[in-house]
Amino acid sequence: MSEIGIPRLGLAAILFGALAFAIVPLFVPTYQVSILTEVLIYAVLAMSVDILAGYAGRTPLCLGAIFGVSTYVTVYWTSTMAGSPYVGMMLGICAATLVAMVFALLAIRTTGVYFILLTLALGMIIWGICLRWTSVTGGENGLRGNVRPVELAAHLPFYYVVFAAVVVITFAMWRFVRSPFGLTLRGIRDSDSRMRSLGYNVSLHMFIAFTVAGIFAGVAGALYAMFNDFVSPSTVALTQSVEGLLMAITGGAGTLFGSFIGALAIIGLENAVSLYTERWQTVMGVAFILIMIFAPEGILGGIRTLLARKRG
Amino acid sequence: MSGLNTFQLLNGLTFAALLFIVASGFTLIFGLLRIVNLAHGALYLLGGYCAYAIASTTGSFFIGLLAAMVAVAVTGLILDQGLLRFVRGHELRQVLLTLGVGLVLNDMMLVVFGGDTYTVPTPEFLRGALRFAGLFYPKYRLFVLVLGVLIFILLWLLLNRTRLGALIRAGVDDPETIEAMGVNIRRIFLLTFMLGAALAGLGGAVGGAFLTLYPSADAEILVFSLAVVIIGGRGSLVGAAVGALMVGMLNTVGQVMFPEFAYFVIFGPMAAILAFRPLGLFGRTA
C-alpha cells in the first residue's frame, strides 16, 4: 500500500521532519540557519529532479541549468533593470518554464542513456551562453543582485518565508506525483511500450512531466536568487545539475521526501568537508561512485526495502 | 560581419579532425560496451597534461603523445576493472559512476596542475606557417588535420579488415551470440575500452598544443563529443566523422558570426536531427 497512500510510519516521519525544520532554526546560530535555508531550496531542486528520475524513469542532467536560468533572470531583473524582486522571481520562473518546454520537446523522444546525454548537452549550452554572453550575464564575474527585500534581510524571517514556500511547493509536488497523472508516469517508467499500447500518449505525458519539473526547478532557482543575491556561471554549471541529482539519489529516487534527507546530507557534508579541505568536487565524485556501487536505492529507498523485507 | 574565408574554413576542418579523434573513442565505447563514459572529457584533459609534462621534460613531442595514450589507456583499464565491473549491466549506474570519476579526475588535476593554462610544446618542424595558394596556415593545425584523417583510416581498417574489428562489430550487434561461440567478449570489451580511452588521451595531447589546457577544458570537449555522437549516432565511425565535421564547421561559423552564441549554433542542427532521427544520423536501435 505504501505506493498509493502514506503508511502511518511514513506520515509520522514526515511530520517529525517538518517539525524539526520548523523548530531547529530557533535554537541554532545564524550561520546554520542560512545553511538550513539552502537545504530547503536545494530540496526543491532535488524533488524536481526526482519527478523525472524517480517517477518518470528519465534521469535529467539539465535541471540545474534550468534552476540557474531562473536565478539569472531574477538577478538581472533586480540589478540591471532595477525592477521589483517579486516580479523578477515571476519572470525567472516563466523563463525557466519556457526553457524547460523547449528542452522537453527535444528530450521526450529519447530514453535511457540517450536522455542523460541529451539533457547534459542541453544544460551545457545554457552554461556556455551564460559564460560568453558577457554584456548581459557579466561573464565569469557574474551579476550581483538586489533581490532580497529589506524586511527579509535578517536570516530567521527569511528562513521562515522560504520554509512556508517550500511546504506549499512540497505539498503541490506530492499531489502531483500521487495523482492519476503521476501513476501514469510510473507506468511509463516501468514500460513505456505497454503504456503506449494501452492508449496513453507517452510523449505528451513526458512533455508535461518535464515542464512541471522545470517549473519547480525554476521556483527553486528564484528562491536561490533571493537567498544568494548573486549569480555566476557556476550556478548553471553541470555541477549544479549533478548536485541536484546526487541529492535526489542519496535520499532515494522515487521517494520525493527523500530529497530533503539527500539535500541535508549533501549540503551537510559539503559544509563539514569545507572545514578541512577545498576538494569538495572530489568528495562529491567519490560520493557518487560509492552510492552507485553500494547504495543505488539511496537512504529512504534502502529503509523502505528493509521495512518491506521485515514485513514480508 | 564577415563571411567565411579559406583560413576559417581550415580552422573548422582542423577542429573537426580533433573532435573526431576524441569522439571516435567515445562512440566506440558507447557502441560496444553501452557505457556512456562521462569521464571521457577528463581522460582528454589527463592526456593533455600527461603530454605536456612528458614532452616538456623529454623534449620530444611524439614521446609525449605516446605517453599520453599509454597513461590514459591504463587509466581506462583501472576504471573498467576497478570500478565499472561492480555495476555491469546497469546502464544508469554506469553513467553516473563515470560522472563521479570525471569529477574526481578533474579535481585531482586541478590540485596537480593548478588553474594555469598550459600548451603542449610542439616540435620544431611543426612550428610556423606553411604557405600555399597565397595563404599562410599554421603547420601544426595541418598536422592535426592529417592525423584526424589517418586515425579515421586506421580505425576503419581495424573495424572492417581485421579479426578484432569483426569481433567488435559483432559484439555491437549481438554480444550474447559472440560469447556463445566461444569468444572471450569481456577481453574484447576491455580492449575497446582501453582503445577508446587512448583516443581520448591522444586527443588531449594533440588538442593541448593548439586549444591549450585549462581546468574546464574537459567539460567543453565532452559537450562537443556528446554533440558529435548525438548527431552521428551511437557506435558509428562514419557517424562520428560526419558529426565531427558538422560540429567543427558550425562551431567555427558560430564563432565568426555570433561570437557570444557560438555554443548555441551547434544546438540548431542537433535539434533538427533529433526531431527526425532520435538515434542520430547513423544510429541503429540497440
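User: How many cavities of 30 Å³ or more does the structure hold?

Analyst: Start with the general idea. Rolling a probe the size of a water molecule over the atoms shows where empty space is left. Keep in mind that this is a predicted model. The structure holds 2 cavities of 30 Å³ or more.

User: What is the volume of the largest cavity?

Analyst: The volume of the largest cavity is about 50 Å³.

User: Which residues line the largest cavity?

Analyst: Look at both chains. Chain A brings Ala121(A) and Ile125(A). Chain B brings Val223(B), Ala227(B), Tyr263(B), Ile266(B), Phe267(B) and Met270(B). By class, the lining has 8 nonpolar residues, with no polar and no charged ones.

User: Which helices supply at least two residues each of that lining?

Analyst: In chain A, helix H5 (112-132) does. In chain B, helix H9 (217-232) and helix H11 (262-276) do. H11(B) gives the most to the lining of the largest cavity, with 4 residues.

User: Now the second largest cavity. What lines it?

Analyst: Its volume is about 30 Å³. Residues of chain A line the second largest cavity, among them Leu61(A), Ala65(A), Leu120(A), Gly123(A) and Ser241(A). H5(A) gives the most to this lining, with 3 residues. H5 and helix H12 (238-251) of chain A each supply at least two residues. By class, the lining has 7 nonpolar, 2 polar and no charged residues.

User: On to the interface. What is the area buried between chain A and chain B?

Analyst: General idea again. The size of an interface is often given as the accessible area lost when the parts come together. Here, the area buried between chain A and chain B is about 3900 Å². Carbon and sulfur atoms give 77% of that area. Tyr114(A), Leu117(A) and Arg132(A) supply 17% of the area that chain A buries against chain B, more than any other three residues. In terms of contacts, 41 residues of chain A meet 43 residues of chain B.

User: How many salt bridges does the rule find across the interface?

Analyst: The rule finds 1 salt bridge across the interface of chain A and chain B. Arg279(A) pairs with Asp107(B) in a salt bridge, and the closest N and O atoms are 3.0 Å apart. Polar contacts are counted too: 7 residue pairs between the chains.

User: Which helix gives the most to the side of chain A that touches chain B?

Analyst: H5(A) gives the most to that side, with 14 residues. The residues of this side of chain A divide into 29 nonpolar, 9 polar and 3 charged.

How values were computed
Residues numbered from 1 in each chain as written. Chains lettered and ligands numbered in written order. Predicted model: local features only at pLDDT ≥ 70, side-chain atom pairs only at ≥ 80, totals over all residues. Heavy atoms only, no water. 1 Å grid on protein atoms, 1.4 Å probe; cavity = no way out; pocket = protein on both sides within 12 Å on 5 of 7 lines; lining within 4 Å. Points joined across faces, edges and corners; volume = space filled by probe spheres on them. Nonpolar A, V, L, I, M, F, W, Y, C, P; charged D, E, K, R; others polar. Contact = heavy atoms within 4.5 Å. Buried area = accessible area lost by both parts, 1.4 Å probe. Salt bridge = Lys/Arg side-chain N within 4 Å of Asp/Glu carboxyl O. Polar contact = N/O pair within 3.5 Å; in protein donor to acceptor, adjacent residues only side chain to side chain.
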